[in-house]
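Thank you all for coming.

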Amino acid sequence: MGFFDRFKKKQQESVSGSERRQAPEADTLCLLVMDQVLQDVSQAGNLVEQAFGFGVLEKMDQSDPRMLHMVVKLEGVEFWCSYMPFPVPQEEMNLSDVPEYNFFNAEEYQAFCENKSFWIIAQKGGGQSLEEKRHICRLFTRLNAAFMEQEGAVGVYVSASELLISKRVYLHYEAILEKNAEDPMYFPAPLWISIRHGKKGDISMIGTWGLRQFGFLELWFMDPKSEWAQIHEKLYLMSVFEITGRELYQNMDTIAFTPGDTSVFKELNGALFIVGGNV
């Protein structure tokens, strides 16, 4: 069995004609979090032009010297960018009391908690299809990286997946995206999909949070036996397989991560749970 063959389902006859996928969320939103109030907000426009070339700034409004609203147009797609010179409202950014230090360390997390200002970066209505949503998220990743060259940038909060990513980690994955810019089958899933840990009674669970924005059910492993890093890798790869259109996992499909060891997908409460097998 090849490495990628492990993530290919074996579809059951009973569901072979009932492929289900919702439309992606057409809007896409991120918050770029800062640890200071910017004195020169126009710097952001210069950084965007340095990254993407002169002429990508469609509109700029700085009628209030403390704030900046601008429209960036990349490959025909408009992104609305607004600087807010005050901390992110508590209800707009979910900060866990018990953070999982996967994409930030304790110092970086503290900077998120003590943020002083932020950018709202939004794309409205462009993600009508999976292909369009995927394209917008790839552009979004590159745009966020350009904005993070600003002094005081802490990192990104992805609203749809409630995902916090430090500047250090974000730029690492964005660099990988740049290296794979010509590969349509590459997608930076760790920058868009969160991995959550939970329990149902005494049974541990690990799963995704954020696949819904692409029109898919969330994927959860029920009572996994493998190390958490291996489960995370599986979830990211399975997410990429769906987002890039190579797979669509459904209720009662089966999958074998090792030959002869089969797990089954079971749909419950808007998610697909992967149960059985020595995963």
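Let me begin with strand E12, residues 254-258, and strand E13, residues 261-268, which run antiparallel and are joined by four bridges. Strands here, numbered from the N terminus, are DSSP runs of E with at least two residues, while helices are runs of H or I with at least four, and two strands pair if DSSP finds at least two bridges between them.

Before I go further, please keep in mind that this is a predicted model, in which local features need pLDDT of at least 70 and side-chain atom pairs count only at pLDDT 80 or more, whereas totals for chains, interfaces and linings use all residues. Residues are numbered from 1 along each chain as its sequence is written, and side-chain values use heavy atoms, with hydrogens and water left out.

Returning to the strands, Ala-256 stands opposite Thr-262 in E13, and in the hairpin of E12 and E13, with two residues between the strands, Gly-260 takes a positive phi near 80°. E13 is also joined to strand E14, residues 271-275, by five bridges, and these two run antiparallel. Here Leu-268 has Ala-271 in E14 as its bridge partner, and in this hairpin, which has two residues between the strands, Asn-269 takes a positive phi near 50°.

Next comes helix H4, residues 167-179, whose 13 residues reach 18 Å from first C-alpha to last, close to the 18 Å expected, where the expected span is 1.5 Å times one less than the number of residues. Which residues of H4 are buried? They are Val-169, Tyr-170, Glu-174 and Leu-177, buried meaning under 20% relative accessible area, exposed over 50%, and partly exposed in between, with a 1.4 Å probe and protein chains only. These residues lie on the same side of H4 because they cover an arc of only 130° around the axis, the arc being that of the directions from the helix axis to the C-beta atoms.

Finally, the largest pocket holds about 390 Å³ of space. A pocket, on a 1 Å grid over the protein atoms alone, is an open set of points where a 1.4 Å probe fits, with protein on both sides within 12 Å along at least five of seven lines, and lining residues have an atom within 4 Å of a point; a volume is the space filled by probe spheres set on the points, which are joined across faces, edges and corners. The lining has 19 residues, with Ser-96, Glu-100, Glu-162, Ser-194 and Arg-196 nearest the centre, and its largest share, four residues, comes from E9.
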